[in-house]
Amino acid sequence: MQHSQQPLRAVFTGAVLALTTAFAGNATAQSNTGPIIIGTSLPLTGPHASTGKELLSIMQSYVQRSNQQGGIAGRNLQLVALDDHFSASQTELNARRLVENGAVALLNCLGTSSCNAMLPTLQSSHTPLVGAMAGSGLLRESSARYVFNLRASTESEISAMVQQIQSVGQSRIALVYQSDEFGRSSLQTAHNAFRAAKLTPVSELALEADGRNAAELGKTLSSLDNLHGVIVLASAPATTALITQSRRQQVGVQFYNLAGQANQALVQGLGEHTRGVVFATLVPSPWKAAIPAVKNYQQLLSSPGQPHPSYLGLEAYLNIHTLVEGLRKAGADANRAKLVSALDSLGDMQYGPMRVRFAQGRHQGSGYVGLAMLNQQGGFIE
């Protein structure tokens, strides 16, 4: 792989303010002098910018606090963030640039397509990626030896939903999936979960990403006899439209959603239609301060200008915390190879009900899936 000597432009607060930092190249950055570079590619502009900025703010605060406490055996951490606009092709380019300029690890990619786009660079450079925020795809394959997944798989999420519905003696479940690559891939994953539970969906409906056919699907759902529940495999705009339109069609069953939709933006979009909306959760409740890791996360957000607690924010926190623990074990001369070995041998990391453990050849760190329901006030109840 050729090494680029061009400086990286790391966007921190959008297109207006940018920080340009030059690096000496991979060989220097992988030595035991200078800062330890962590790279991240996030959507910092575009429709997903608010999510990307939330995650970045948490990572920046964590790095700042770690450096104030002495860094890694006296070496500071340096976080470099590049804007990918939620584009897989840009994420691929960003991953390559971050690695070529000395990142010891990549962290917190967002979305299945974007995270998968990093894989060739990870494999060729032997660079670990910690905390892919994606529940399916190539990063879940055993061949992705440099990927350390903390979150449970999408199939585990859907299985938890199905088990919950079955536990109350119900079985007539409809599947609504987004009519694009993400939705169709999620639908295939759902088929696996349903087969394992010896169930067949009573209906499978394709929902447009902008929700323009939501009223039509709501009418279809209302016509299904003895419907017990609906599992939705879609993004926030489509999900909001579907649930709102279905409630207007008097569809009163519970709607089950993937963990990625458990956020305040979707809650606000639902308005008065929050009751009976359920989400998978892949981390503990970000409001449960009795869990030490959650308390530390809340403390990190206590300074002015920080985002409010959220499931995705806590996931980002646990991801960077796990990475930094790996770096501490790798020591002052941490490099990519030593970091991989350190992560493999960290042992159990217990975050409340969420147990994370990696081992050589086993990088699916956690199988934890919870469920949270919205109340009429828009609060998450577990």
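**Helix contacts, a disulfide and selected residues**

Author: In this predicted model, helix H12 meets helix H13 through Thr-322, Leu-323, Gly-326, Leu-327, Lys-329 and Ala-330, which face Lys-338, Leu-339, Ala-342 and Leu-343 of H13. Sorted by class, this contact of H12 with H13 has six nonpolar, two polar and two charged residues.

Reader: What makes H12 and H13 roughly perpendicular?

Author: The axes of H12 (residues 311-330) and H13 (residues 336-344) cross at roughly 110° and come within 8 Å. Angles of 65 to 115 degrees count as roughly perpendicular. H12 and H13 are therefore roughly perpendicular to each other. As for handedness, H12 passes H13 in a right-handed crossing.

Reader: Which residues of H11 and H12 meet, and how do they divide by class?

Author: Ala-293, Val-294, Asn-296, Tyr-297 and Leu-300 of H11 meet Gly-313, Leu-314, Tyr-317 and Leu-318 of H12. This contact of H11 with H12 has seven nonpolar, two polar and no charged residues.

Reader: How do you know that H2 and H11 are roughly perpendicular to each other?

Author: Helix H2 (residues 49-68) packs against helix H11 (residues 292-300) at an angle of about 95°, and the two axes are 10 Å apart. Since 65 to 115 degrees is the range for roughly perpendicular, H2 and H11 are therefore given that description. On the H2 side the contact involves Ile-58, Ser-61, Tyr-62 and Arg-65, and on the H11 side Asn-296, Tyr-297 and Leu-300. The residues of this contact comprise four nonpolar, two polar and one charged.

Reader: What makes the link of Cys-109 and Cys-115 a disulfide?

Author: The sulfur atoms of Cys-109 and Cys-115 are 2.1 Å apart. A pair of cysteine sulfur atoms within 2.5 Å is the criterion, and the pair of Cys-109 and Cys-115 is accordingly a disulfide. A search of the whole structure finds one disulfide. With 115° about the S-S bond, the link of Cys-109 and Cys-115 is right-handed. Both Cys-109 and Cys-115 are buried.

Reader: Why is Ala-316 called buried?

Author: Ala-316 has a relative accessible area of 0%. Buried means under 20%, so Ala-316 counts as buried. Ala-316 lies in helix H12. Leaving out residues up to four places away in sequence, Ala-316 touches Leu-55, Asn-108 and Met-133. The C-alpha atoms of Ala-316 and Gly-52 are separated by 10 Å, although the two residues are 264 residues apart along the chain.

Reader: Is Ala-103 buried or exposed, and how do you know?

Author: The relative accessible area of Ala-103 is 1%. With buried defined as under 20%, Ala-103 is buried. Ala-103 is placed in the loop between helix H3 (88-100) and strand S5 (105-107).

Reader: Why do Lys-198 and Asn-226 count as exposed?

Author: Exposed means over 50% relative accessible area. Lys-198 has 76% relative accessibility and so counts as exposed. Asn-226 has 54% relative accessibility and so counts as exposed.

Reader: With which residues is Asn-67 in contact, beyond its neighbours within four places in sequence?

Author: Asn-67, in helix H2, is in contact with Asn-76 and Leu-77 when those neighbours are left aside. The C-alpha atoms of Asn-67 and Ala-236 are separated by 36 Å.

Notes: Residues are numbered from 1 along each chain as its sequence is written. This is a predicted model: local features need pLDDT of at least 70, side-chain atom pairs count only at pLDDT 80 or more; totals for chains, interfaces and linings use all residues. Side-chain values use heavy atoms; hydrogens and water are left out. Buried means under 20% relative accessible area, exposed over 50%, partly exposed in between (1.4 Å probe, protein chains only). Axes are lines fitted to C-alpha atoms, for helices over the stretch in contact, and angles run from 0 to 180 degrees between N-to-C directions. Helices (H or I, at least four residues) and strands (E, at least two) are DSSP runs, numbered from the N terminus. Angles under 35 degrees count as roughly parallel, over 145 as roughly antiparallel, 65 to 115 as roughly perpendicular and the rest as oblique. A crossing is left-handed if the near helix is turned anticlockwise from the far one by less than a right angle, and right-handed if clockwise. Contact means heavy atoms within 4.5 Å. Ala, Val, Leu, Ile, Met, Phe, Trp, Tyr, Cys and Pro count as nonpolar, Asp, Glu, Lys and Arg as charged, and the others, Gly among them, as polar.
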